Amino acid sequence: PQYILWVLRSVKSAELEQSLLVLPLNHMERLMYYLIILLRNGQGVELCSRAAVFLVKSHQNQLVGHAKMSVPLRELRRLLKLRLAEARDTVGYNLAAIRMITQVSAEHKSRYHVPDDTVKQDVLKGL
């Protein structure tokens, strides 16, 4: 699974979808199993999610007709919901922390700032 993650990371973002489109069905099945293992371990969640969603969307007809893939698809769905909810919570928590730090920093600046009307600079002047 580590090698699969390394390969997915080495493919350029713009070329990932094209690379996944040319996979034969049996390789796509194997890749889905590796994506499930990576998601269980919580590794490369964003990249694995992107690849899994694209694979399911692009090969939907083959997957629906393939009874062998029903259990892995359900597991993939469960793991995607779980891992993406965790990632969303982490991003939300970090965003709240950044907002709080910005607010504290602004309060700290205004507390010690002595306005000087004699020197006014236009910060956007050089742009």
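## Surface and burial

In this predicted model, the accessible surface of the chain comes to about 9700 Å², and carbon and sulfur atoms contribute 58% of that area. Of the 127 residues that make up the chain, 24% count as buried.

## Secondary structure and contacts along the chain

The chain holds 6 helices and 0 strands, and when it is read along the sequence the elements follow the pattern α-α-α-α-α-α.

## Packing of α2 with α4

Helix α2, which covers residues 13–21, packs with helix α4, which covers residues 45–58, at an angle of about 40°, and the axes of α2 and α4 are 10 Å apart. Angles under 35 degrees would count as roughly parallel, and those from 65 to 115 as roughly perpendicular; α2 and α4 are therefore oblique to each other. The crossing in which α2 passes α4 is right-handed.

On the α2 side, the residues that take part in the contact are Ser13, Leu16, Glu17, Leu20 and Leu21, and on the α4 side they meet Leu47, Arg50, Ala51, Phe54, Leu55 and Ser58. By residue class, the contact of α2 with α4 divides into 7 nonpolar, 2 polar and 2 charged residues.

Definitions and conventions. Residues are numbered from 1 along each chain as its sequence is written. This is a predicted model: local features need pLDDT of at least 70, side-chain atom pairs count only at pLDDT 80 or more; totals for chains, interfaces and linings use all residues. Side-chain values use heavy atoms; hydrogens and water are left out. Axes are lines fitted to C-alpha atoms, for helices over the stretch in contact, and angles run from 0 to 180 degrees between N-to-C directions. Helices (H or I, at least four residues) and strands (E, at least two) are DSSP runs, numbered from the N terminus. Angles under 35 degrees count as roughly parallel, over 145 as roughly antiparallel, 65 to 115 as roughly perpendicular and the rest as oblique. A crossing is left-handed if the near helix is turned anticlockwise from the far one by less than a right angle, and right-handed if clockwise. Contact means heavy atoms within 4.5 Å. Ala, Val, Leu, Ile, Met, Phe, Trp, Tyr, Cys and Pro count as nonpolar, Asp, Glu, Lys and Arg as charged, and the others, Gly among them, as polar. Buried means under 20% relative accessible area, exposed over 50%, partly exposed in between (1.4 Å probe, protein chains only). Accessible areas come from the Shrake-Rupley method with a 1.4 Å probe; for residues, only the protein chains shown count as cover.
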